[in-house]
Amino acid sequence: MADEANVKAVQVKLVLLGEAAVGKSSLVLRFCSNDFNENTSPTIGAAFLTQKCRLENRVVKFEIWDTAGQERFHSLAPMYYRNAAAAVVVYDITKAASLEKAKAWVKELQRQANPNIVICLVGNKSDLVSEAKAPAAAAVTTEEGDEAQAGENAEETEESEAEATSPTSPTSASGEDEDPRQVSREEAEAYAKEANLLFFEASAKTGANVAELFTEIAKTIPIESAAPKPAAGAGAAGARRQGGGQDQVNLGEGQQAKRGGCC
Ligand SMILES: Nc1nc2c(ncn2[C@@H]2O[C@H](COP(=O)(O)OP(=O)(O)OP(=O)(O)O)[C@@H](O)[C@H]2O)c(=O)[nH]1
Ligand SMILES: [Mg+2]
């Protein structure tokens with residue numbers, strides 16, 4: 001019988017891709033530490049960290065490669081998406097060009113990555129638009145203690161302490177004209193459907209839909225495509241790691257792993 005506490009985590013290599021400044025690192029920070037930073041530094045190379053996600057019948061341990069969006073790092077990307085079971089391709093809903101870049105990433109993944117890769121298209125910064133204020137309340141609902149046991153070598157942003165994301169309400173009050181949205185939900189959703197991608201609009205800032213998107217990916221990944229062994233292997237070169245033994249996103253110092261965003 002599978003004693004819940006002893007369920008072995010299935011490891012899933014996940015890569016984040018997308019244009020610079022769309023919020024990849026911020027989504028990871030929200031997911032892993034339930035935190036947000038207005039002043040992030042651009043990622044250099046890539047950052048690595050892990051987070052667990054508990055599903056009904058299994059625990060998925062995401063091994064996350066958060067890549068740099070700056071063009072000069074593009075050639076490193078294959079190192080990170082190679083053998084990845086999942087990819088989160090991010091664009092900024094207030095920047096139309098970022099969706100085009102996201103589409104280019106999807107194309108590249110579909111051509112060159114693992115053929116079974118689960119791709120999730122994410123329109124980030126939903127807090128900036130007046131409508132479509134994503135269901136923030138539902139965002140990071142933490143379950144009872146999914147204490148990612150910090151035993152092993154990896155750190156696992158464990159520390160389950162709910163402190164659910166307080167969805168700071170969206171900026172614009174109501175339906176003002178100067179909505180900064182440049183990519184309609186419909187357009188992106190239609191594209192995602194056509195390209196066979198999961199799709200979410202989310203906000204790293206409020207936490208809206210962040211846990212949901214990772215949970216959906218966890219549910220979608222076929223168990224067999226999960227990597228049975230430790231993550232680091234691929235692409236350690238060029239990755240930026242911090243802290244002895246701990247792998248963390250390079251999102252500015254002083255950022256403690258407070259709380260896991262997933263289940
Ligand atoms: N309003 C708002 N700002 C966000 C959100 N996510 C990220 N940002 C801001 O967008 C800027 C860029 O965020 P990053 O997470 O560093 O972007 P990135 O995609 O990792 O950028 P690279 O590492 O250069 O590829 C920062 O100022 C963040 O605070 C969001 O959901 N809402
Ligand atoms: Mg980054």
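Predicted model: local features only at pLDDT ≥ 70, side-chain atom pairs only at ≥ 80, totals over all residues.
**Entry 1. Conventions**

I count Ala, Val, Leu, Ile, Met, Phe, Trp, Tyr, Cys and Pro as nonpolar, Asp, Glu, Lys and Arg as charged, and the others, Gly among them, as polar. Residues are numbered from 1 along each chain as its sequence is written, chains are lettered from A and ligands numbered from 1 in the order in which they are written.

**Entry 2. The chain as a whole**

I took helices (H or I, at least four residues) and strands (E, at least two) as DSSP runs, numbered from the N terminus. The chain has five helices and seven strands, and their order along the sequence is β-α-β-β-α-β-α-β-α-β-α-β.

For burial I used C-beta atoms placed from the backbone: a residue is buried if 20 or more other C-beta atoms lie within 10 Å of its own, exposed if 12 or fewer, and partly exposed in between. Of the 263 residues in the chain, 49% are buried. Two residues are in contact if their C-beta atoms, placed from the backbone, lie within 7 Å. Among contacts with a separation of 6 or more, 80% join residues 24 or more positions apart.

**Entry 3. The shell around ligand 1**

I assigned a residue to the surroundings of the ligand if its C-beta atom, placed from the backbone, lies within 6 Å of it. There are 23 residues around ligand 1, and G23, S25, P42, T43 and G69 come nearest. By class, the shell holds seven nonpolar, 11 polar and five charged residues. Which helix gives the most to this shell? Helix α1 (residues 24-33) does, with three residues.

**Entry 4. Helix α1**

I then examined the burial of α1. The buried residues in α1 are K24, S25, S26, L27, V28, L29, R30, F31, C32 and S33. Because 10 of the 10 residues of α1 are buried, the helix is largely enclosed by the rest of the structure. The elements that cover these residues include the strands β1 (9-18), β2 (46-54), β3 (59-67), β4 (86-92) and β5 (118-124), as well as α5 (210-220).

Two packed helices are described by the angle between their axes and the distance between the axes. I used axes that are lines fitted to C-alpha atoms, for helices over the stretch in contact, with angles from 0 to 180 degrees between N-to-C directions. For α1 and α5 the angle is about 85°, and the axes are 9 Å apart. This makes α1 roughly perpendicular to α5, a label that covers 65 to 115 degrees, whereas angles under 35 count as roughly parallel, over 145 as roughly antiparallel and the rest as oblique. The contact is formed by L27, R30 and F31 in α1 and V210, A211 and F214 in α5. Its residues comprise five nonpolar, no polar and one charged.

**Entry 5. The loops on either side of α1**

The loop between β1 and α1 contains A20 and A21. With 16 C-beta neighbours inside 10 Å, A20 is partly exposed. Beyond four places in sequence, A20 touches P42, G69 and Q70. A20 and V90 are 70 residues apart in sequence, yet their C-alpha atoms lie 9.6 Å apart. A21 is also partly exposed, with 16 other C-beta atoms within 10 Å, and has a positive phi near 70° although A21 is not glycine.

In the loop between α1 and β2 I found N34, which comes just after α1 and has a positive phi of about 50°. Is N34 buried or partly exposed? N34 is buried, with 25 other C-beta atoms within 10 Å.

**Entry 6. The nonpolar core**

I defined a nonpolar core as a set of buried Ala, Val, Leu, Ile, Met, Phe, Trp, Tyr and Cys residues joined through C-beta atoms within 7 Å. The largest such core has 64 residues, of which L14, A86, A87, V89, I119, C120 and V122 touch the most other members. Leaving out residues up to four places away in sequence, V122 touches L27, V88, V89, V90, F200, A202 and L213.

**Entry 7. Two further residues**

L99 belongs to helix α3 (residues 96-112) and is buried, with 23 other C-beta atoms within 10 Å. Outside four places in sequence, L99 is in contact with Y91, V183 and A188.

F73 lies in the loop between β3 and α2 (77-81) and is partly exposed, with 18 C-beta neighbours inside 10 Å. Outside four places in sequence, F73 is in contact with G45, T67 and A68.
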